[in-house]
Structures are given as structure tokens and as C-alpha cells.
Amino acid sequence: MELAKEREEASAHLLRCLSLVPATLTIFLFSFTILHPDHDRHYTPHAPCSAPPLPMPILCRLPFRSLTPRPRPPRRRFATLAALRQDTTVWTPSPISSIKTAAESLFHVTIDVSNSPDLAASHIFPGQYLLLRLPDVEKPSFLAIASPPSQSASTGAFEFLVNSVAGSTAELLCGLKQGDMVELTQAMGNGFNIDKIDPPEDYQTVLIFATGSGISPIRSLIESGFGADKRSDVRLYFGARNLRRMAYQDRFKDWESSGVKIVPVLSQPDDSWTGESGDVQAAFARAKKIHSPKGTGAVICGQRQMTEEASSILVADGVSREKILKNF
């Protein structure tokens, strides 16, 4: 009788403890731990050497955690993409051909890619850019290609307009000399999609905005040719702090002969300056003269604020946002 009573008390105690355990864990305990018929010990099937389980009073006092899986936080997509991109980037060693002063803090940099035909052939559209890195310098630099694609193919060289910012990779680049090696990726991006504002007969007005070294890919566009001479109104609003910081002035005459009217805009001119001053978007807002918004396209490259404000002015005047071309 005493043995039967002990069995009943043990069974009741086990049921009370199991009522505190989640259902999934209860199934687990019944599946893997079986009470031996003599009630003196426990055993686990297929594991005769396993250690005896804890006494039930101790088991009941152990904390149990829910077995419901917790949702994992989403992975950082951009970090994953960046790692993948870093793993798959192909770098091509290329020598410096020349580095010359273009304007105050701006330099013409020419890099020889004649021994890398695949690299030269990757430059297809004006407005494309690439990554450049230096030996023993961890951070690479984005550079827009200034030379037109046809020149890259014929001469086997890439030309850049580099702003030498203190403490940057660009500053180190501008301090190199002929023959020094750098590493380049292939040209990236879709460039300026001129097909969106072609044929010239349908888009007689093209408004171009550039500031500082943002003139670099614009040079590639102008010298590639986009039918400027077949359009009635092609204007380039080119902004710089002053004339000493305005690159490519020696090319203005050739650009104008191709059908592009140059409108220099200085943000900090000296007293002798009689041209446009302030921001390029403000200079355009003062002039406007858009005869047919539906027949107008635009190309913009430069500071973010300028890009956004110029785009807003154009859209407010009726120019389709799809006809405003950018290379990034």
C-alpha cells in the first residue's frame, strides 16, 4: 500500500511539473526520458551510458525558456553588397603619364591604359567614372573620366580633372610623378543617356549645369559630340569660386565653335568681374528663356544642392524630370 501511494504521489508530482513546461518541451521529455518499470531509476533509449536525470523537484525549479524561434534582425543589405563588390572588383595596375596644373587646386591627370585594352574599351559613354586606388592607401577614390570615349580608344589613355582636397586620396594622387603606378577599375555607370534628348530636332534646347570639378564629365560629353550644332539653344552654366579656380578655359573657344554657349558664373568674383555671379542655378533662373519646355533637355553635374535646386527650377518650368540627365 505504501509503495502504491508513493507511486501515485510521484505521478501527480510529475504531472504538476510538466504542466509548467511548454508543450514542445513536454513532448521532448516524454520522447527521450522514460520511467523504468521498477521506478528506481530512469533510462534513455539508445543511450544506456547517459547520466541519470535531475530529481523532479530540482527539475521543476529550473527556468524554462520558450522554444518559439525569435525573429532575426534583417542583415544590413548595403554592407553585404559592399563586401560582395569588394570581393569581385578587378584592379588593373596602370602608370601615370602626366600630371599638370589645370587651375587652382585642380590638376590634369593622364593615366596610360594602352597595355589594358579591356580597361580602355570599358569607357563607352561620356559621364562614366571609375575607382582609383594607390599602393598602401586603403581608401580608393571615385573619378569621372574627362576624356571622351573615342579618345580613350584611340590614345589608350584616360584623362581626369582632380580636385586636390587636403588629406584625401586625390591629394596623394596629385603628388605623384610620371611612371608611378596606380590601380584602376573598369569604367562604371551608364553616363549621360543622350538618347533621352534625341533627336536634336525634337530637343532644340539643352541646358547644362556644372560646378568645380563637375565640369570633368561635361567635357567628355561636349567633346564626344551630342549634336549641339543642330540645336538652337545649348547653354553651359559653369560655376567656380573665381577665374583662378575655373578649369578648361583654354577649351572654351572650341566648345563654343561646336555650338555650346559658355556662361561662366563666379561665386566670389573680384571687382573687375562683369559677368554672372552667385550660384549657377540662380544665374539660370534670372535668364530662363525656355521657349518650349517639352522640347528641352538638361545635363547636370556638381554639388548636390546645386543639382537639386537646378532640377526643381527646370521641373517647375515644365521640363520633364526624365529629360534631366545625371551621371550618378
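A residue is called buried when its relative accessible area is under 20%, exposed when it is over 50%, and partly exposed in between, using a 1.4 Å probe and protein chains only. Arg235 is buried by this rule, with a relative accessible area of 6%.

This tour concerns a predicted model, in which local features need pLDDT of at least 70, side-chain atom pairs count only at pLDDT 80 or more, and totals for chains, interfaces and linings use all residues. Residues are numbered from 1 along each chain as its sequence is written, and side-chain values use heavy atoms, with hydrogens and water left out.

**The whole chain**

Begin with the entire chain in a cartoon view. Its secondary structure comes to eleven helices and 14 strands; helices (H or I, at least four residues) and strands (E, at least two) are DSSP runs, numbered from the N terminus. Of the 328 residues in the chain, 37% are buried.

**Arg235 and strand E10**

Select Arg235, which has its place in strand E10. Which residues does Arg235 contact, leaving aside its neighbours within four places in sequence? They are Val206, Leu207, Ile208, Lys261, Phe284, Ala287, Lys288 and Lys289.

Next, select Leu236. With neighbours within four places again left aside, its contacts include Ile208, Ile215, Ile218, Trp255 and Val263.

**The nonpolar cores**

A nonpolar core is a set of buried Ala, Val, Leu, Ile, Met, Phe, Trp, Tyr and Cys residues joined through side-chain atoms within 4.5 Å. The largest one has 32 residues, and Ile215, Ile218, Phe226 and Leu236 have the most contacts inside it. Strand E9 (205-211), H8, E10, H9, strand E11 (261-266) and E13 each supply at least two residues of this core. Apart from it lies another core, of 20 residues, among them Ile111, Leu143, Leu173 and Leu184.

**Helix H8**

Now select helix H8. Eight of its ten residues are buried, so H8 is largely enclosed by the rest of the structure. Ile215, Arg219 and Leu221 are among the buried residues of H8. The helix is followed by Gly225, whose phi is positive, near 85°.

**Salt bridges**

Side chains of opposite charge can pair when their charged atoms come close. A salt bridge is a side-chain nitrogen of Lys or Arg within 4 Å of a carboxyl oxygen of Asp or Glu, and the structure holds twelve of them.

Select Arg251 and Glu223, whose side chains meet in a salt bridge (2.8 Å, N to O). Why does this pair tie together parts that are 28 residues apart in sequence? It does so because Arg251 lies in the loop between strand E10 (233-240) and helix H9 (252-257), whereas Glu223 lies in helix H8 (residues 215-224). Arg251 is partly exposed at 23% relative accessibility, and Glu223 is partly exposed at 26%.

Move on to Arg304 and Glu308, which form a salt bridge with their closest N and O atoms 3.0 Å apart. These two residues are four residues apart in helix H11, so about one helical turn separates Arg304 from Glu308. Is each residue exposed or partly exposed? Arg304 is exposed at 67% relative accessibility, whereas Glu308 is partly exposed at 43%.

**Aromatic rings**

Rings of Phe, Tyr and Trp (its six-membered ring) pair if their centres lie within 6.5 Å; planes under 30 degrees apart count as stacked, over 60 as edge-to-face and the rest as tilted. By this rule there are nine aromatic pairs.

Select Phe209 and Tyr237, a stacked pair at 5.6 Å centre to centre with 15° between the planes. Phe209 lies in strand E9 and Tyr237 in strand E10, so this pair ties together parts that are 28 residues apart in sequence. Both Phe209 and Tyr237 are buried.

The rings of Phe252 and Trp255 have their centres 5.9 Å apart and their planes at 40°, so this pair is tilted. Both Phe252 and Trp255 are buried. To see one aromatic cluster, select Phe238, Tyr248, Phe252 and Trp255 together.

**The end of the chain**

Finally, select Phe328, in the segment after E14. Phe328 is exposed, with a relative accessible area of 65%. Its C-alpha atom is separated by 8.6 Å from that of Cys301, 27 residues apart along the chain.

Conventions:
Contact = heavy atoms within 4.5 Å.
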